[in-house]
Amino acid sequence: MASNIEATISIEQQAHRDDVGARMGMWLFLFTEILLFGGMFLIYAVYRYQYPDQFHLAGMELNTGIGTLNTIILLTSSLTMALSIAAIQKKNKALSIIMLSSTLLFALLFMVNKFFEWSAKISHGIFPGSKELLEKQNGEILFFGLYYVMTGLHAFHIIIGIVILTFMLVFLIRNKITSDNYVKLENSGLYWHLVDLIWIFLFPLFYLIQ
Amino acid sequence: MEHNNTEKHGGSYTTLVLVWIGLLALTSITVTVAGISLGQYTLFVALLIAAVKSGFVINIFMHIKFEEPIFKVFIAVSGITLFVIFLLTFFDFIYR
């Protein structure tokens, strides 16, 4: 009798786990993120429509090379993230750990590049409120304002991603994430891919105005 | 219930790597195209390529291709909402 009850309890515990629901919840959160960035893309679109030439002029000052490099880094980090999930699904814990660590490494590389990119801009006197920037035309001031806010908010998401993925790595090593319970890793992956998705649009809009 | 939780809905390693190669190829195309002057089409081409890249990321990396249909409905609703917001703003802005 007692073992029967235990069995019932363990079945119920499994039944209480709803991975589809968990992923659905994550997607709902991602939509709020899309609206957050969407609002900024809207401001960008309106001002680019209003000041096309000045946006062009300001965009020329951004470093296309470093933008392209960061695009490649983020796309690769998305691949390693997806591979990490595929590996845990295939019960290959070691590969999953290697891939998740690579994702973290690429995320850090992205931030290092961002640091050098922003440092170069700031040392040229281009940062919000700087004397040099305020002497420029309205459209250029708006472009750089949007550049700092949008890539800044994106970089902030990368930093949050680094923290989340570090936790996932610890969970993976301590067997809190296993081949039959990996929804945490999946949802972190969804977040990470969204950050990549936003960059896919930021990149041509800021770095490829030529 | 159990089969729902352990359901496999990821791609194979090969598919993922192929999608990554595709994404890199699209990136090099968009960078090359940006150097060519296409006039008013430059922005359109750049956004089209970005949309194709997003399609790959959402469907394969984010597993939407293997998810239940309700997820696709969610994405469509949020996408259309964003589009309507853009549309209404521009109507207001252009005809002001």
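Trainee: Is B:Val52 buried, partly exposed or exposed?
Mentor: The model is predicted, and the call rests on a neighbour count. A residue is buried at 20 or more other C-beta atoms within 10 Å and exposed at 12 or fewer. B:Val52 has 16 such atoms within 10 Å, so B:Val52 is partly exposed.

Trainee: Which element holds B:Val52, and how far in space is B:Val52 from B:Leu23?
Mentor: B:Val52 lies in helix H3 of chain B. B:Val52 and B:Leu23 are 29 residues apart in sequence. From C-alpha to C-alpha, the separation in space is 8.9 Å.

Trainee: What is the distance between the end C-alpha atoms of H3(B)?
Mentor: H3(B) has 21 residues, which at 1.5 Å a residue should span 30 Å.

Trainee: How wide an arc do the buried residues of H3(B) cover around the axis?
Mentor: The buried residues of H3(B) are B:Ala46, B:Ile49, B:Ala50, B:Lys53, B:Val57, B:Ile60 and B:Phe61. They are on the same side of H3(B), because the arc they cover is only 120°.

Trainee: Which exposed residues does the face of H3(B) turned away from its buried side carry, and what do the buried residues pack against?
Mentor: The face turned away from the buried side of H3(B) carries B:Tyr41, B:Phe44, B:Ala51 and B:Gly55, which are exposed. The buried residues pack against elements of both chains: H2 of chain B, together with H4 and H8 of chain A.

Trainee: Which residue just after H3(B) takes a positive phi?
Mentor: The phi in question is about 65°. The residue is B:His63.

Trainee: Which element gives the largest share of the side of chain A that touches chain B?
Mentor: The contact takes 34 residues from chain A and 35 residues from chain B. On the chain A side, the elements giving two or more residues are helices H1 (2-15), H2 (19-50), H4 (64-89) and H8 (183-207). The largest share is twelve residues, and it comes from H4(A).

Trainee: How many residues on that side of chain A are nonpolar?
Mentor: By class, the side of chain A that touches chain B has nine polar and four charged residues. The nonpolar count is 21.

Trainee: Which element gives the largest share of the largest nonpolar core?
Mentor: That core has 68 residues, and A:Ala82, A:Leu202 and B:Leu16 have the most contacts inside it. Elements of both chains give two or more residues to the core, including H5 (93-123) and H7 (138-173) of chain A and H2 (13-35) of chain B. The largest share, 16 residues, comes from H8(A).

Trainee: What is A:Leu202 in contact with, leaving aside its neighbours within four places in sequence?
Mentor: Contact here requires C-beta atoms within 7 Å. With the neighbours within four places set aside, the contacts of A:Leu202 are A:Met150, A:Thr151 and A:His154.

Trainee: Which elements are included in what covers the buried residues of H2(A)?
Mentor: H2(A) has 32 residues and reaches 46 Å from its first C-alpha to its last, close to the 46 Å expected. Its buried residues are A:Arg23, A:Trp27, A:Leu30, A:Tyr44 and A:Arg48. The cover includes helix H4 (69-94) of chain B together with H3, H7 and H8 of chain A.

Trainee: What radius of gyration does chain A have?
Mentor: Chain A has eight helices and zero strands, and its C-alpha trace spans about 80 × 30 × 25 Å along the principal axes. A compact globule of 210 residues would have a radius of gyration near 17 Å, but the value for chain A is 21 Å.

Trainee: Is A:Lys91 buried or exposed?
Mentor: A:Lys91 is found in the loop between H4 and H5 of chain A. Its phi is positive, about 60°, although A:Lys91 is not a glycine. With 11 other C-beta atoms within 10 Å, A:Lys91 is exposed.

Conventions. Residues numbered from 1 in each chain as written. Chains lettered and ligands numbered in written order. Predicted model: local features only at pLDDT ≥ 70, side-chain atom pairs only at ≥ 80, totals over all residues. Contact = placed C-beta atoms within 7 Å. Helix = DSSP H or I, 4+ residues; strand = E, 2+ residues; numbered from the N terminus. Nonpolar A, V, L, I, M, F, W, Y, C, P; charged D, E, K, R; others polar. Core = buried A, V, L, I, M, F, W, Y, C linked by C-beta atoms within 7 Å. Expected span 1.5 Å × (residues − 1). Arc of directions from axis to C-beta. Rg over C-alpha atoms; globule rule 2.2 N^0.38 Å.
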